[in-house]
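Biologist: I'm new to reading protein models. Could you take me through one, a feature at a time?

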Amino acid sequence: MYLNNYLSKYSNENDLSLIITSLANAAIEISKTIRNIKKVNNNFSTSKTLNQDGDVQKPLDITADEVLIDFLKKSPVSGYASEEQEGFIDFKNNYNFIVFADPLDGSSNIDVNVSIGTIFSIMNKNELALEKAFIQKGSNQKASGFFVYGPQTTLFITIGHGTALFALDELKNQFYLIKEKIIIPKSTSEFAINAAYQRFWNSATSKYIQNCQDGEEGPRKKNFGMRWVGSLVADASRIFIRGGIFLYPADNRKKYKEGRLRLTYEANPIAFLIEEAKGKATDGNESILNLEVREIHQRSPLIFGSSEEVLEFKKFY
Ligand code: P6P
């Protein structure tokens with residue numbers, strides 16, 4: 001089964017299917033650009049601008065954003081918001097869907113050939129003005145997904161009928177189905193966190209991680225392993241396939257008192273996919289999908305993965 005067959009099987013909204021097809025075609029173009037980049041390290045480029053994060057924008061971040069805009073403005077989309085855009089773009093039409101994107105997540109890994117990806121979230125405007133439509137809760141998502149530009153180019157996607165995994169057939173330029181309904185293992189012995197920031201963690205995170213590190217002699221009575229790619233889509237991809245728990249909590253660094261990751265185009269789309277795959281996604285207190293959205297670039301703590309392990313973490317809150 002290819003992506004278009006899957007969409008015909010599960011989606012009765014033609015505009016939604018058209019938008020997802022456009023995103024897939026944009027991702028194929030982004031994937032080809034990444035694989036054909038002449039200089040492995042494109043750090044040498046002279047034009048450096050900053051994104052909302054204050055991160056130096058690498059040319060590929062900007063290219064990915066431009067490719068998405070080119071495809072989406074020819075699709076039934078009324079507005080677009082992304083990490084690379086200060087505010088949303090109004091395509092000035094009467095279509096009902098809006099799209100959020102992190103065009104190239106994990107871009108700090110571009111120069112070292114580590115998997116990076118494009119994350120997207122699709123909502124209906126619900127008759128709202130765009131200013132209001134772009135601050136709807138994550139529970140209003142109609143579809144979400146992410147592409148991983150790694151050894152394979154893959155797509156994790158949900159349109160509300162479970163979370164499916166596709167891989168790109170580069171000869172046919174089509175995404176073919178690998179797994180129709182992913183179920184994340186409910187327990188795990190593997191956590192993902194950037195341990196370099198331990199001194200900044202809140203007490204809940206410190207206690208939870210310490211219990212994991214204490215292994216079978218400690219209260220968890222089992223040993224844990226740790227993974228941290230530093231690319232959300234790569235860590236998430238692993239968790240969908242073999243389980244695990246990912247933690248990017250709020251910490252007491254000045255910029256990250258609400259966490260590092262963005263709610264509308266990172267946490268919300270991942271949370272929708274995770275919940276559809278029987279996992280859990282929380283900010284520590286409540287479900288990511290229930291969080292009030294104040295503005296497009298709002299940050300949020302993000303803890304997600306195997307359901308029993310996320311509940312174990314929540315015991316410390
Ligand atoms: P740190 C990449 O920049 C990103 O937004 C996510 O993809 C990733 O999970 C996180 O930041 C890594 O953050 O603080 O470990 O560099």
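Biologist: Let's start with Phe175: which residues does Phe175 touch, leaving out those up to four places away in sequence?

Modeller: Contact means heavy atoms within 4.5 Å. By that rule, and not counting residues up to four places away in sequence, Phe175 touches Met1, Tyr2, Leu3, Ala24, Ile28, Phe147, Thr153, Thr154, Leu155, Phe166, Ala167 and Leu168. Before we go on: this is a predicted model, where local features need pLDDT of at least 70 and side-chain atom pairs count only at pLDDT 80 or more, while totals for chains, interfaces and linings use all residues. Residues are numbered from 1 along each chain as its sequence is written, and side-chain values use heavy atoms, with hydrogens and water left out.

Biologist: How many residues are in the largest nonpolar core, and which have the most contacts inside it?

Modeller: A nonpolar core is a set of buried Ala, Val, Leu, Ile, Met, Phe, Trp, Tyr and Cys residues joined through side-chain atoms within 4.5 Å. Buried means under 20% relative accessible area, exposed is over 50%, and partly exposed is in between (1.4 Å probe, protein chains only). Here the largest core holds 43 residues, and Phe175 is among those with the most contacts inside it, along with Ile20, Leu104, Ile122, Phe147 and Phe166. Helix H2 (residues 14-35) gives the most to this core: ten residues. Helices (H or I, at least four residues) and strands (E, at least two) are DSSP runs, numbered from the N terminus. Another core lies apart from that one, with 31 residues, including Ile119, Phe146, Leu165 and Leu261.

Biologist: On to charges. How many salt bridges does the structure hold?

Modeller: A salt bridge is a side-chain nitrogen of Lys or Arg within 4 Å of a carboxyl oxygen of Asp or Glu. The structure holds 14. Take Arg242 and Glu190, whose side chains meet at 2.9 Å, N to O. This pair links distant parts of the chain, with Arg242 in helix H6 (residues 232-242) and Glu190 in strand E11 (residues 190-192), 52 residues apart.

Biologist: Are the partners in salt bridges buried or exposed?

Modeller: Look at each one. Asp251 and Arg253 form a salt bridge at 2.7 Å, N to O, and both residues are buried. Asp90 and Lys92 form another, with their closest N and O atoms 3.8 Å apart; Asp90 is partly exposed at 34% relative accessible area, and Lys92 is exposed at 70%.

Biologist: What area is buried between domain 1 and domain 2?

Modeller: Buried area is the accessible area (1.4 Å probe) that two parts lose on being put together, summed over both. Here that's about 2800 Å², of which carbon and sulfur atoms give 61%. In domain 1, Asp53, Lys137 and Phe146 lose the most area to domain 2, together 19% of what that side buries. Between the two domains the count is one salt bridge. Lys137 also has a salt bridge with Glu292, at 3.6 Å, N to O.
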